[in-house]
Amino acid sequence: MTKVTSEQETTTRDRTRAEQALLAGLVEYGLFVPSEVPGIYGRGVVYEAVLAGFNHFLSQQTREDGACCLHFPPIMPRANLERIGYLESFPHLAGLVFSFEGGDVDHLELLSQLQNGESYAGAVKMTDVVLNSATCQPLYPTLRGKRLPDGGSLFDLVAYCFRREPSHDPIRMQSFRMREHVCLGHPADVRRWRERWLVRAREMFQRIGLKVDEVVANDPFFGRGGRMLATEQRASEAKFEFVLPISSTEAPTAIMSFNYHEDHFTGPYDIRTSDGARAHSACLGIGIERIAIALFKTHGFDPETWPASVRAHLGLSGKPRPEGTPGGDAA
Ligand code: ATP
Ligand code: ZN
């Protein structure tokens with residue numbers, strides 16, 4: 001058993017306190033509305049205005065990229081999750097959808113189980129749909145068997161994602177929106193795109209008062225085999241995160257991550273470059289909910305008091321929007 005030092009205990013206690021204070025502030029200012037389970041929140045109109053403001057800012061900063069904007073629902077075919085190997089690597093995070101498909105007799109049994117407070121897990125069946133775990137997942141099947149144009153393709157997507165990682169830290173939600181830029185093409189196209197982002201991400205966050213660091217990272221792969229995958233991923237520097245302290249200085253939070261997939265997604269869907277080679281893909285996962293929270297944490301819970309330049313970049317300095325209107329561009 002690992003011995004927990006008093007220093008570690010203090011760090012964990014400090015972190016929990018910081019998480020509680022952040023959540024309490026978000027709730028007090030009407031930015032978050034808590035539910036019965038951790039990681040599921042309603043959002044207030046001011047929070048939504050900030051999130052929409054950031055989305056608009058990002059769209060302006062990246063307009064010249066000419067990415068194709070698409071919106072997918074938060075649910076996709078289960079076959080897609082299986083084909084891209086998600087259940088091999090992240091079975092603990094997946095959101096499978098179960099539904100009742102029985103007749104009258106089964107329904108009576110379900111009602112009696114409900115009334116007696118018994119489990120009704122046996123009364124529901126796994127369906128052919130699942131919740132998206134990442135925004136880019138529904139994209140790849142739409143490109144099945146295609147040849148990409150010269151220079152590759154770039155997509156700009158936003159969707160709600162689900163991950164079964166209940167936590168009292170507001171930055172770790174079970175249901176959250178993630179925006180993604182996805183690049184597909186020759187490895188050289190993907191590399192060029194990545195280099196461009198490494199330069200501009202820091203500058204972009206600086207404009208809105210967020211000081212980020214760039215670190216090599218790994219995905220939370222499941223189990224013993226997963227530890228090996230995580231080590232390999234780090235060694236090949238396939239994943240970078242842009243981090244900043246939110247709940248802890250020792251363990252800063254990722255607000256955006258860069259993931260190089262090689263042909264992990266393009267292989268199962270036979271996506272090829274213009275000259276017929278197997279395409280590679282990479283995505284930039286933009287944690288727009290965490291970015292909104294980081295803005296509140298850094299500049300205060302009331303955006304009226306934020307620095308004028310930050311308000312201007314986020315389009316918050318104009319006439320206030322009518323009450324109850326989220327407004328702003330979705331992506
Ligand atoms: P983490 O290491 O924090 O668990 P991740 O590596 O699993 O994040 P990605 O799969 O790279 O995250 O997702 C892209 C971005 O989505 C992250 O950089 C983060 O900003 C955001 N994100 C990931 N998980 C959550 C969550 N549970 N709640 C809110 N935002 C999240
Ligand atoms: Zn992705």
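Two strands pair if DSSP finds at least two bridges between them. Strands (E, at least two residues) and helices (H or I, at least four) are DSSP runs, numbered from the N terminus. On that basis, an open sheet of 3 strands has the order 4-6-5, with antiparallel pairing.

This is a predicted model: local features need pLDDT of at least 70, side-chain atom pairs count only at pLDDT 80 or more, and totals for chains, interfaces and linings use all residues. Residues are numbered from 1 along each chain as its sequence is written.

**Sheet**
- Strand 4 (75–77) and strand 5 (95–100) are the edges, each with a single partner strand, so one side of each lacks a neighbour in the sheet.
- Strand 4 and strand 6 run antiparallel, joined by 3 bridges.
- Proline 77 has valine 129 in strand 6 as its bridge partner.

- Cysteine 136 lies in the loop between strand 6 (124–131) and helix 6 (139–142), and cysteine 283 in strand 12 (residues 280–286), so the pair ties together parts 147 residues apart in sequence.

**Ligand 1**
- A polar side-chain atom of arginine 290 lies 2.8 Å from an oxygen atom of ligand 1.
- A nitrogen atom of ligand 1 is 3.2 Å from a polar backbone atom of isoleucine 171.
- Strand 11 gives the most to the shell around ligand 1, with 5 residues.

Methods. Chains are lettered from A and ligands numbered from 1 in the order in which they are written. Side-chain values use heavy atoms; hydrogens and water are left out. A polar contact is a pair of N or O atoms within 3.5 Å; within protein, one must be able to donate a hydrogen and the other to accept it, and residues adjacent in sequence count only if both atoms are side-chain atoms.
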